[in-house]
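Let's take a walk through this model together, one region at a time. Have the sequence and the 3D view open as you read.

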Amino acid sequence: MRRTQSEPKTVPHGQGATPEPEPARLEREYRRLEERLAALTEEVGRNDSLLRKTQERELLRAGSLTQLFERLIVGLRTSYQLDEVALILHDPQHEIRHLLSGDGVTAGEPPGVCFVDALMTVAPQLANLERPWLGPYRKADHELLVPGIAAPPGSLALIPLRRHEPLDGVLVFSSTDPQRFGPELASDFLAHLGLVAAICVENAVNRARLLRSGLTDFLTGFHNRRYLHARLREELARAQRARQALVCLMIDVDHFKRINDQYGHLAGDAVLREVAQRIDAEMRLSDTGARFGGDEFAMVLSHATILDGERVAARVLHAVREQPIAAGKGVEETVTLSIGVAAAKPGAGQRDYKVLAERLIAEADAALYRAKSAGRNRVATSPNVVA
C-alpha cells in the first residue's frame, strides 16, 4: 500500500534521530547530580550521626578521670582530624587535681588538660561564653588557650562545658586552616558535644569522690583513719588466732607548718603526697598505710615483731630524707620524720579489739612524741607490748 504524503516517515531510534537540545541535556545531568548529592549528603549525615553516638558512648563509658581526659583529647583530635584539642577546667578548690592522684597521676597535669582557679585568667571572654565560638586565632585573646603549640593555629572552636553556674570549663579545637572554623558554620553539634563532655566530667568526678570518700584520703590516695581502725581490728583478731604479734607505726612530718607557711598550702599538699608515696614504697603487700590526719601517717605491719617495726621505720625515715622534695618551682626541701613504734600481741581471752586497737595506737603515738621531744628526725620505740 502506497503511503500518502501526509503520513510521517518512521525513523529507527538512533539512526538520524533529532539530537536532544543542549539545555535539556544539562538540565537532566544537573538533576542526576543533584539526586546523587542528596544521597551522599544523607549518607554522610547517617555516618556523622553514628560517629557522634559512638563518641558519646565512648565518653560516657570512661571508667576514670584519666581515661575520660584521654578520650576527650586524643579521641576527638583523631576523630575530627584536628591539629590540637585542649581541655581547660575550672578547679578552684583543686579537687579534680587531688582526685587524679587516685588515678595514678602523681605530678603535673594530663597531656592537653589545664586546670585553672578562674577561667577569666586564661581568657576574659570565657566569662560570657554561652554558645560555641568559632573564628580566627588572635594571639591577644587566645594565646593562653593553646599553650605549648609550636606554631599558632589558623582558627579555633571554643566549646563551653556548662552544667551549672559558673562555667565548668572549655574544650578548645585548633586547626592550622584559617577557614576550618568560622562564624558561618553551624555549631549545634559542638554545643551538644560540650554538654555531653560536661556531663561526663561531672560523672567521673562524682565516681572518683565515691571511690575515695569512704575509706580513702582525699589528698594522698592513702587509706584514711576510718579504714585504718577497721583494718587494725581485723589484724588484731588474726594475730590472736595465729598467736602472733603485729606492729603499729605512727609517723609525723617534722616542721610541716613551716613548709606551709613559707611555700603555701599547695606546696604542702605536694610534700604530703610525695611522703605518702615514699612510705608506700617501703611497705609489704600485707601491710597497711594510712593518712591519720594532717601531717601524720600510720602503718600497720601484720605478722611482725617490734624489731621488724624498727627496721621498717628506719627504712621509711631514710627513704623520705634521702632525696629533697619539690616544694615549688625550683625549690626543694629536705623533709625528715619522727616515728613511733609499738607492738601488740593479743591474749587468748581478748575480745574487745576496738579497745585493743586504741591502746596500740596510743602506745605508738606516745613513742612518736618521745621522738619529737628528743629532737625529731628519729625513731622511738614503746617498751610496752599491748596484750
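When we talk about a bend at a residue, we mean the angle between two axes, one fitted to the seven residues ending there and the other to the seven starting there. Helices (H or I, at least four residues) and strands (E, at least two) are DSSP runs, numbered from the N terminus. With that in hand, look at helix H2, residues 65–79: H2 bends by about 25° at Arg-71. Keep in mind that this is a predicted model, in which local features need pLDDT of at least 70 and side-chain atom pairs count only at pLDDT 80 or more, while totals for chains, interfaces and linings use all residues. Residues are numbered from 1 along each chain as its sequence is written, and side-chain values use heavy atoms, with hydrogens and water left out.

Let's stay with H2 for a moment. The expected span of a helix is 1.5 Å times one less than its number of residues. For the 15 residues of H2 that should give 21 Å, and the end C-alpha atoms are 20 Å apart, which agrees. Several H2 residues are buried, including Leu-65, Phe-69 and Leu-76; buried means under 20% relative accessible area, with exposed being over 50% and partly exposed in between (1.4 Å probe, protein chains only). Just after the helix, Gln-81 takes a positive phi of about 50°.

What does H2 lie across? The answer is strands E1 (84–90), E2 and E5 (169–175), and H2 runs at about 150° to E1. Contact here means heavy atoms within 4.5 Å. Angles run from 0 to 180 degrees between N-to-C directions, and axes are lines fitted to C-alpha atoms, for helices over the stretch in contact.

Those strands belong to an open sheet of five, in the order E2-E1-E5-E4-E3, with mixed pairing. Its edge strands are E2 (113–116) and E3 (133–136), each pairing on one side only. Two strands pair if DSSP finds at least two bridges between them. E3 and E4 (residues 155–161) run antiparallel and are joined by four bridges, with Leu-134 partnered by Ala-157 in E4.

Now on to another open sheet of five strands, also with mixed pairing, in the order E7-E8-E6-E11-E12. E7 and E12 (378–386) stand at the edges with a single partner strand each, so one side of each is left without a neighbour in the sheet. Even so, five of the six residues of E7 (residues 288–293) are buried, so E7 is largely enclosed by the rest of the structure. E7 and E8 form a hairpin with two residues between them, and Gly-294 in the turn has a positive phi of about 60°. Five bridges join this antiparallel pair.

Is Ser-302 buried or exposed? It counts as buried, because its relative accessibility is 4%. Among the residues that Ser-302 touches are Glu-235 and Arg-284, leaving aside those up to four places away in sequence.

Finally, find helices H6 (residues 225–242) and H10 (residues 353–373), whose axes come within 9 Å and cross at roughly 105°. That makes H6 roughly perpendicular to H10, a label for angles of 65 to 115 degrees (under 35 is roughly parallel, over 145 roughly antiparallel and the rest oblique). Leu-232 and Leu-236 are among the H6 residues at this meeting, with Leu-356 and Leu-360 among those from H10.
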